[in-house]
Amino acid sequence: MASTLLLVLVFVLDLIAFGLAVAAEQRRATAMINRDAEYNYCVYESDVATGLGVGSFFFLLASQLLIMFASRCLCCGRALRPGKPRSWAIVLFITCWVTFFIAEVCLLAASVRNAYHTKYRTYLAQHPPSCEVLRKGVFGAGAAFIVFTGIVSELFYVSYSKADEGSIPPRMDGGIRMNAFR
């Protein structure tokens with residue numbers, strides 16, 4: 001039977017990761033071109049989205065590690081009973097890792113890109129500098145994949161628990177037994 005405490009804990013960690021990713025999307029760095037006597041340069045506003053994205057990254061990582069530790073990463077421990085729950089557990093295990101990887105890449109790339117600020121300046125007669133900022137929706141994509149990862153990882157754990165219940169029946173051969181001839 002699946003541990004309700006573990007499912008609730010994983011849900012809370014995923015919910016916190018989702019909230020941080022949405023907050024990071026809302027608080028992305030913005031830039032304006034500032035002009036002084038002879039130079040144009042970029043002025044960036046708040047950089048809090050980077051910290052929110054990294055926090056979301058770590059909460060999702062903790063959630064995934066907790067599920068994988070509880071299920072012994074599907075490859076360690078005793079074998080699962082054959083049947084639908086085992087098949088679903090294998091499919092959901094692979095899907096869980098794929099969505100987790102996409103979510104983590106989105107969050108990490110968005111955090112790194114959001115922290116990048118151009119530091120050059122141009123003369124007034126030249127073209128204004130390109131104040132590069134993070135595109136809208138990268139943290140949002142990470143948040144969407146956090147939701148997918150949370151759903152799939154919890155379904156994986158429930159399927160794993162169903163396939164892990166009981167023991168595998170001993171193998172009974174129906175064939176002819178070979179004994180020493182006397």
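Q: What makes a residue count as buried here, and what share of the protein does that give?
A: Buried means under 20% relative accessible area. In this predicted model, 35% of the 182 residues fall under that cut-off, so they're called buried.

Q: Why is the largest group of 16 residues called a nonpolar core?
A: A nonpolar core needs buried residues of types such as Leu, Ile, Met, Phe and Tyr, joined through side-chain atoms within 4.5 Å. Helices α1 (4-26), α2 (48-70), α3 (84-115) and α4 (138-164) each put in at least two residues, with α4 giving the largest share, five.

Q: What makes Y157 a contact partner of other parts of the chain?
A: Contact means heavy atoms within 4.5 Å. Leaving out residues up to four places away in sequence, Y157 touches A2, S3, L6, L7, I67 and A70.

Q: Which residues belong to another core?
A: There's a second, separate core of 15 residues, and A21, A24, L60 and A110 are among them.

Q: What is the order of elements in the protein?
A: From the N terminus on, they run α-β-β-α-α-β-α, which comes to four helices and three strands.

Definitions and conventions: Residues numbered from 1 in each chain as written. Predicted model: local features only at pLDDT ≥ 70, side-chain atom pairs only at ≥ 80, totals over all residues. Heavy atoms only, no water. Buried < 20%, exposed > 50% of the residue type's maximum accessible area, 1.4 Å probe, protein only.
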